[in-house]
Amino acid sequence: MKELGRKQEVKKCVYCTRLADTKDHIPSKNLFPAGMGPKNPIIVPSCVECNHRFSRDEEYFRYYVCAMTEEYSLYARQVFFSQIKRSIWRKPQIGFKLLKRMKLVDFRTETGIYLGKATQIKPTKDDWSRFSNVLDKYIKGLVFHELKDTLPSEYRIRNNVFLTKERTSDIMSRAKSFNFKWNTNNKDIFMYGFSFVAGTCKSAWITIFYNSILCESLVFTKKDLIKLGINIDGHQNYWPS
Ligand SMILES: [Zn+2]
């Protein structure tokens with residue numbers, strides 16, 4: 001967290017649109033193993049409050065994501081066993097809890113991309129609210145990064161989370177027919193693809209952590225959700241059946 005340079009123009013926090021007085025990284029730097037920084041880091045303006053508000057959720061998110069993927073990703077394992085080992089030693093039951101929340105499903109995204117078999121992660125309501133806070137935050141940051149504008153308040157984000165053994169290159173090639181653009185600068189840790197409805201913030205996002213956890217986020221307007229009969233308040237506990 002650094003202060004913005006004085007010469008920079010006044011910027012709005014990408015999360016709450018108040019005055020931004022710090023910067024924030026997308027994704028959080030804590031997902032990178034010690035000594036390995038992101039290539040071409042994505043940095044967005046943020047206020048101090050938002051920067052602090054999310055830090056506990058981000059710690060939890062990292063814990064969750066690394067516990068799920070350390071079996072598949074060297075980097076996740078590195079983070080898991082070096083940086084968060086101590087908290088695991090204190091609470092080993094969390095690993096077992098996570099395993100119980102997984103189930104194998106056919107995975108087709110709402111935009112229609114078939115992604116094969118994937119393990120669906122069904123966290124508890126509390127887990128989900130933390131997880132979703134972080135995903136919402138990342139999507140808001142990425143919208144800003146791609147459009148150079150903050151997401152207007154009439155927009156809502158819905159997230160789905162999957163643990164996938166599919167090769168990421170297959171997912172990317174299937175998403176190509178849906179005109180997804182990809183940013184793979186830090187592909188072994190975090191990559192994302194997106195597609196906007198032209199001239200709007202309506203968009204579909206795929207974020208992939210450690211080549212194993214795949215999150216699909218859809219950005220709708222409140223109006224669209226009402227039309228679809230979907231609750232517009234709070235987090236969307238949406239799981240495809
Ligand atoms: Zn803020």
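Student: In which loop is N211 found?
Tutor: The model is a predicted one, and in it N211 is found in the loop between β8 and β9.

Student: Why is N211 called buried?
Tutor: The threshold for a buried residue is 20 or more other C-beta atoms within 10 Å. N211 has 23 such atoms within 10 Å, and is therefore buried.

Student: What makes the phi of N211 worth a remark?
Tutor: Its value is near 60 degrees, which is positive, and N211 is a residue other than glycine. Most residues other than glycine have a negative phi.

Student: What is the phi of Y210 in the hairpin of β8 and β9?
Tutor: Y210 takes a positive phi near 50 degrees, in a hairpin with three residues between the strands. Y210 lies in the loop between β8 (203–209) and β9 (213–221).

Student: Is Y210 buried or exposed, and why?
Tutor: Y210 has 24 other C-beta atoms within 10 Å. A count of 20 or more qualifies as buried, so Y210 is buried.

Student: Which residues does Y210 touch, not counting those up to four places away in sequence?
Tutor: They are V65, T69, Y72, S73, Y75, A76 and I189.

Student: What makes β9 mostly covered?
Tutor: Eight of the nine residues of β9 are buried.

Student: Which residues have the most contacts inside the largest nonpolar core?
Tutor: That core has 55 residues, and those with the most contacts inside it are V65, F131, I139, L142, W205, Y210 and I213. Its largest share, nine residues, comes from helix α6 (residues 125–147).

Student: With which residues is I213 in contact, leaving aside its neighbours within four places in sequence?
Tutor: I213 is in contact with V65, M68, T69, V161, L163 and I208.

Student: Why is T17 called partly exposed?
Tutor: T17 has 13 other C-beta atoms within 10 Å. Exposed requires 12 or fewer and buried requires 20 or more, so T17 falls in between and is partly exposed. T17 is placed in the segment before β1, and has a positive phi of about 65 degrees although it is not a glycine.

Student: How do you know that the peptide bond from I26 to P27 is cis?
Tutor: Its omega is near -5 degrees, and the bond is cis. Most peptide bonds are trans. P27 lies in the loop between β1 (22–26) and β2 (42–46).

Student: What can be said of the protein overall?
Tutor: Its secondary structure comes to eight helices and nine strands. Buried residues make up 37% of the 241 residues. Of the contacts between residues at least 6 apart in sequence, 62% join residues at least 24 apart.

Conventions
Residues numbered from 1 in each chain as written. Predicted model: local features only at pLDDT ≥ 70, side-chain atom pairs only at ≥ 80, totals over all residues. Core = buried A, V, L, I, M, F, W, Y, C linked by C-beta atoms within 7 Å. Helix = DSSP H or I, 4+ residues; strand = E, 2+ residues; numbered from the N terminus. Contact = placed C-beta atoms within 7 Å. Pairing = 2+ DSSP bridges.
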